[in-house]
Amino acid sequence: MTLISKGKSPFNPGQPVPVELFVGRQKQIDHIMVRGAGQVEAGKPVAVYIQGEYGIGKSSIAGFVQALAEERNHLHAIYAPLGGAENLDDVGAAILEATLRSGAFNPTRKEKIRQWLAKYVGEQSLFGFTVRADALKKDAPTVASGLLPFLQEVMNRLQETGVKGVFLVLDEINGITANPKFAHFLKALVDTNALSRTPLTLMLMLCGVEERRREMIHHHQPVERIFDIVEIEPMSREEMEDFFKKAFDSVHIQVEAEAMNAMTANSAGFPKIMHLIGDAAFWLDQDGIISAEDAGSAIIMAADEVGKKFVAQQVYKALRSADYHSILAKIAQMTPTTMSFRRAEVIAGLTETEKKKFDNFLQKMKTLKVIRSGETQGEYVFNMRMVWLYILLQSLLRKPAKK
Ligand SMILES: Nc1ncnc2c1ncn2[C@@H]1O[C@H](COP(=O)(O)OP(=O)(O)OP(=O)(O)O)[C@@H](O)[C@H]1O
Ligand SMILES: [Mg+2]
């Protein structure tokens, strides 16, 4: 095998997209900038909920608008991922650490924040610094219970830099929304600020799936009214093309039309899948041109990746019985091109025991969001092309497990 040297892959399947490669979402960005950042700059606090399914691009758009709002509206961006947080003290610690790490877009602000919060800075290294976990933990409850005064102090410290507001993003809220205190905390934060004589110019943004927002409302009904909801939907074909073009152009690789068609059709609007397919194609390519064949292999590699992470862990695990697995394999082989199937047609090809389990199977698959009901009665459609493709590949490569 000849080893050709490759530069850095422009694809990041596991991370929010860097600003240079961000595509699309113009309508949502305009909305957030005008109704959100613009209002905050003018003195009115705003709370936004970025809503969309897993991997659709919530964190990416949050990062993108934070950068824009720093530049255009003079807001100070703080990005706090709450993954792992279970109680309000954990939330306080995450926000304190995020504040300490803020200022990436503006060296003067970064410096002022570091000086103010120096006691939490541990060891300095070439690549940044570590955080003193003990000190952080000790003060976290104060930050959580006094978040408004804390953020007001951020503003005071940055006053000379012309700051007009704080743009706080709370991301990865999956764990914390289960705690009823979090819903009360948010509502109190927003209300206390609104009622204050001089409200803090705070842009609060949460990112999450719809179920998490519903969970908070379930814990505390008034949460329903605090957020302006911005829905992130699957990307259009133009947005996907734009992305592939931008990304491959940046590393001087050409994409043939047929390959482009295959990559966008299989990404089906899911940015995460675009990155998986693009990354596989980038590494497969040998001649600086992505051909239909390269794209085909990349799609299969991406399907395998999606399958290992999603289908194998969530779908196959939930469908424990061997009958379910063989029903799935039969369906995949019956729907090689359309991704949709009819109940009656599948039933005709099932064994007697499979037939008995079929309706339960459909129900489970719907709950898992693998399929949804189609437009006509008795029709079902796979939600994600990659999932369907993986199931098809598995059914072709391996015989269903026998018990
Ligand atoms: N507008 C965009 N342009 C290009 N790539 C994008 C865009 N939005 C998201 N991506 C890419 O899609 C993938 C998923 O994005 P991101 O992590 O932002 O989604 P998410 O909705 O926050 O996911 P999760 O539900 O896992 O938190 C990442 O690989 C990211 O780089
Ligand atoms: Mg995210």
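1. Domain bounds here come from an automatic or database domain assignment. With that understood, the model, which is predicted, is divided into domain 1 (25–231), domain 2 (237–311) and domain 3 (320–397). Both domain 1 and domain 2 give residues to the shell around ligand 1, so the ligand lies between these two domains. The centres of domain 1 and domain 2, taken over C-alpha atoms, are separated by 34 Å.

2. As for the overall layout, the secondary structure of the protein comes to 16 helices and 12 strands, and the C-alpha trace spans about 70 × 55 × 40 Å along its principal axes. Of the 403 residues in the protein, 40% are buried. Among contacts with a separation of 6 or more, 75% are accounted for by residues 24 or more positions apart.

3. Which residues come nearest to ligand 1? Out of the 22 residues around the ligand, they are Val17, Gly57, Ser59, Ser60 and Pro271. Sorted by class, the shell around ligand 1 holds 10 nonpolar, 9 polar and 3 charged residues. Two helices, α2 (58–73) and α11 (271–284), each supply at least two residues of this shell, and the next two points take them in turn.

4. Helix α2 has 16 residues, which at 1.5 Å a residue should span 22 Å, and its end C-alpha atoms are 21 Å apart, which agrees. Its buried residues are Lys58, Ser60, Ile61, Ala62, Gly63, Phe64, Val65, Gln66, Ala69, Glu70 and Asn73. These buried residues pack against α1 (26–41) and against the strands β1 (46–51), β2 (75–81), β5 (165–171) and β6 (202–208).

5. Because 11 of its 14 residues are buried, α11 is largely enclosed by the rest of the structure.

6. Leaving aside residues up to four places away in sequence, Met203 touches Gly36, Ala37, Val40, Val46, Leu75, Gly165 and Phe167.

7. Two backbone positions deserve a look. Most residues other than glycine have a negative phi. Arg25, although not a glycine, has a positive phi of about 65°, and this residue is found in the segment before α1. His74, likewise not a glycine, has a positive phi of about 60° and lies in the loop between α2 and β2.

8. Are Arg25 and His74 buried or partly exposed? Arg25 counts as buried because it has 21 C-beta neighbours inside 10 Å, whereas His74, with 18 C-beta neighbours inside 10 Å, counts as partly exposed.

Notes: Residues are numbered from 1 along each chain as its sequence is written. Chains are lettered from A and ligands numbered from 1 in the order in which they are written. This is a predicted model: local features need pLDDT of at least 70, side-chain atom pairs count only at pLDDT 80 or more; totals for chains, interfaces and linings use all residues. A residue is near a molecule or strand if its C-beta atom, placed from the backbone, lies within 6 Å of it. Helices (H or I, at least four residues) and strands (E, at least two) are DSSP runs, numbered from the N terminus. Ala, Val, Leu, Ile, Met, Phe, Trp, Tyr, Cys and Pro count as nonpolar, Asp, Glu, Lys and Arg as charged, and the others, Gly among them, as polar. Two residues are in contact if their C-beta atoms, placed from the backbone, lie within 7 Å. A residue is buried if 20 or more other C-beta atoms lie within 10 Å of its own, exposed if 12 or fewer, and partly exposed in between; C-beta atoms are placed from the backbone. The expected span of a helix is 1.5 Å times one less than its number of residues.
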